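This report goes through selected local features of one model, element by element. The sequence and the structure are shown first.

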Amino acid sequence: MNPYLIDEPAVISFSGGRTSAYMLYKVLEAHGGKLPEYVVVAFSNTGKEMPQTLDFVDRCSKEWDVPIVWLEFIKEKKAGIVVDYETASRKGEPFHNLISQKKFIPNDRIRACTEQLKVVPINKYMESLGHDPFLTAVGIRADEQRRVAKQRAKENYALPLADAGVTLHDIDFFWSRQSFKLELPMSQNGESPLSNCDLCFFKSVSRKLSIIREQPDMADWWIEQEERIGNVFRRQHPSYRELKIMASDQGQLFDFEDEESMSCFCGD
């Protein structure tokens, strides 16, 4: 059976990354280039995605002639709101609103950002269309074994890429042959240090420092959130104000033990 064929109400959770875009392309291909009415493509915008990510989502929609629903969390409305490429937040407003509503900083133990900014708006939107239950298709590859195992433990989730045996090599090959791509710098392992939220607290200290060295002002939003709430996003890491200092010439004042970036499950 073709793992990309969908015969029930479903949402394709499009993170804005290369892998989930490949999944969307393959599902479109399996359905002759046009999705059934009961299949929705949704992108949840936190306001902290890179501009290139928003450009990429819009380009996929236009190049492949597929409607993509853009959703954002808003504290006055649990179901969130529908926006588009032109009106989408670009200064962290949805994330700021979540922190204001909850009056706490999401962290590595309570991942409220992924749940409230991405999962809930999509679920509420699908329910507003009368789809309950429905299937959620997520872009996790076969070579992401830990993520595959965690996702398979959940009900009503589909992993078509994992089922098809797709690996990073397949993703790289596909995009090498396309007329457009995600315009973010890629590392040797096929990942972008700027993917998902620009300075996501799940990124390693060294990765965050390298980003801040290139774009110091990017740390300011994160500094503002920590200081207005009086807490930090990740207790084992320096605060974002400390990170900004470390990224400057005064960095030698701090000592830390780095670790690998963690997956925030926002997708690729």
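## Helix α2

In this predicted model, the buried residues of α2 are T53, L54, F56, V57, D58, C60 and S61. They are covered by elements that include α1 (18–30), β2 (39–44), β3 (69–74) and α7 (168–176). An α-helix has 3.6 residues a turn, so residues three or four places apart point the same way.

The helix spans residues 51–63, which makes 13 residues. From first to last C-alpha, α2 reaches 18 Å, close to the 18 Å expected at 1.5 Å a residue. Just after α2, D65 has a positive phi of about 50°.

Strand β2, one of the elements over the buried residues of α2, is itself largely enclosed by the rest of the structure, because 6 of its 6 residues are buried. In a regular strand the side chains alternate between the two faces of the sheet. In β2, V39, V41 and F43 point one way, while V40, A42 and S44 point the other way. Residues on both sides are buried.

Strand β1 (residues 10–13) pairs with β2 in the parallel sense, over 4 bridges. Within this pairing, V41 of β2 is the bridge partner of I12. Strands β2 and β3 also run parallel, joined by 3 bridges; here W70 in β3 is the bridge partner of F43. Two right-handed β-α-β units involve β2: one is made of β1, α1 and β2, and another of β2, α2 and β3.

## Packing of α1 against α7

Two packed helices are described by the angle between their axes and the distance between the axes. For α1 and α7, the axes come within 10 Å and cross at roughly 75°. An angle of 65 to 115 degrees counts as roughly perpendicular, and α1 and α7 are therefore roughly perpendicular to each other.

On the α1 side, the residues that meet α7 are R18, T19, A21, Y22 and Y25. Their counterparts in α7 are L168, D170, I171, D172, F174 and W175. Both helices are also among the elements that cover the buried residues of α2.

## Helix α3 and the residue after it

Helix α3 covers residues 93–102 and holds S100. With a relative accessible area of 18%, S100 is below the 20% limit and therefore counts as buried. Leaving aside residues up to four places away in sequence, S100 touches K75 and R228.

K102 is also found in α3, and its relative accessibility of 37% makes it partly exposed. K102 and K75 are 27 residues apart along the chain, and their C-alpha atoms are separated by 9.3 Å. K103 lies in the loop between α3 and α4 and is exposed, with a relative accessible area of 64%.

## Backbone exceptions

Most residues other than glycine have a negative phi, and most peptide bonds are trans. K103 has a positive phi of about 60° although it is not a glycine. N156, also a residue other than glycine, has a positive phi near 60°. N156 is in the loop between α5 (145–152) and β6 (157–158), where it is partly exposed at 41% relative accessible area.

The peptide bond between D132 and P133 is cis, with omega about 5°. P133 sits in the loop between α4 (112–128) and β5 (135–137).

Conventions:
Residues numbered from 1 in each chain as written. Predicted model: local features only at pLDDT ≥ 70, side-chain atom pairs only at ≥ 80, totals over all residues. Heavy atoms only, no water. Expected span 1.5 Å × (residues − 1). Buried < 20%, exposed > 50% of the residue type's maximum accessible area, 1.4 Å probe, protein only. Contact = heavy atoms within 4.5 Å. Pairing = 2+ DSSP bridges. Right-handed = clockwise from strand over helix to strand, strands pointing away. Axes fitted to C-alpha atoms, helices over the stretch in contact; angles between N-to-C directions. Parallel < 35°, antiparallel > 145°, perpendicular 65-115°, else oblique.
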